[in-house]
Structures are given as C-alpha cells and as structure tokens.
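Reader: I have a structure to look at. Please walk me through it in short questions and answers.

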Amino acid sequence: MTEQDDWEREFDHRWANSAEHKEPSARARMLAARWKDNPPNPAPFRADAEPVPRRSSWAATAMVFGCVVAIMVLIGLVQYSSAG
C-alpha cells in the first residue's frame with residue numbers, strides 16, 4: 001500500500017461521519033453529569049441582564065453640535081495664529 005492510500009484511509013471523513021454511534025464530547029459528558037442531579041434554570045437565548053439606559057435625542061444632538069463648534073473654533077485659531 002502506498003503512502004497516499006494510507007493517508008486517504010486515515011482521513012476518510014465520509015467513513016467517520018457514517019458511523020452508527022457517535023460519542024459525545026467531553027464537555028457534553030461533563031454537563032450531562034452535572035445537570036443530572038441539578039438541572040439549570042431556564043434562560044432566554046442571549047438575554048441581557050438589564051436594559052441599557054439610553055440618552056435622549058437632544059443630548060446626542062447637543063453633543064454633536066458642540067463637537068462641530070469646537071472643531072470650527074480650533075481650525076479658526078490655527079488659521080489665525082499662522083496668518084499673523
């Protein structure tokens with residue numbers, strides 16, 4: 001048998017996937033043993049612990065407007081100092 005045949009036989013995924021019995025992973029076995037006596041409480045999928053408070057729209061608008069004014073003042077100061 002050639003080396004190529006050995007490699008193909010060793011890594012034949014179709015043969016492995018067609019196995020009748022598949023052993024669960026170590027983590028699955030660990031969780032099954034832990035949950036046998038003490039099952040977990042039901043929880044929604046990816047639920048947030050608590051809602052995040054949102055800023056009001058006027059606060060966000062004021063913050064953007066303030067940044068724009070600050071940038072304009074900074075550009076004006078740089079131009080004023082370089083012209084003089």
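**Reading the model**

Author: V69 is partly exposed, at a relative accessible area of 34%. Buried means under 20% relative accessible area, exposed over 50%, and partly exposed in between (1.4 Å probe, protein chains only). This is a predicted model, where local features need pLDDT of at least 70, side-chain atom pairs count only at pLDDT 80 or more, and totals for chains, interfaces and linings use all residues. Residues are numbered from 1 along each chain as its sequence is written, and side-chain values use heavy atoms, with hydrogens and water left out.

Reader: Which helix holds V69?

Author: Helices (H or I, at least four residues) and strands (E, at least two) are DSSP runs, numbered from the N terminus. The protein chain has zero strands and four helices. Its elements run α-α-α-α from the N terminus on. V69 sits within residues 57-83, and that is helix 4.

Reader: What distance separates the end C-alpha atoms of helix 4?

Author: The expected span is 1.5 Å times one less than the number of residues. Helix 4 has 27 residues, so its span should be 39 Å. The model agrees, with the end C-alpha atoms apart by 39 Å.

Reader: How many residues of helix 4 are buried?

Author: Start with the protein chain, where buried residues make up 1% of the 84 residues. Helix 4 is hardly covered. Among its 27 residues, the buried count is zero.

Reader: Which residues make the nonpolar surface patch?

Author: Patches take residues with over 30% relative accessible area and no salt bridge; like charges are joined within 9 Å, nonpolar side chains (Val, Leu, Ile, Met, Phe, Trp, Tyr) within 5 Å. V69 has 34%. The patch covers about 390 Å², and its members are F65, V69, V73 and L77.

Reader: Which residue forms a salt bridge with E23?

Author: Side chains of opposite charge can pair when their charged atoms come close. A salt bridge needs a side-chain nitrogen of Lys or Arg within 4 Å of a carboxyl oxygen of Asp or Glu. The whole structure has one salt bridge. E23 has its closest N and O atoms 3.0 Å apart from those of its partner, R29.

Reader: Is E23 buried or exposed?

Author: R29 has 40% relative accessibility, so R29 counts as partly exposed. E23 has a relative accessible area of 61%. That makes E23 exposed.

Methods. Areas by Shrake-Rupley, 256 points an atom, 1.4 Å probe, with all protein chains shown as cover.
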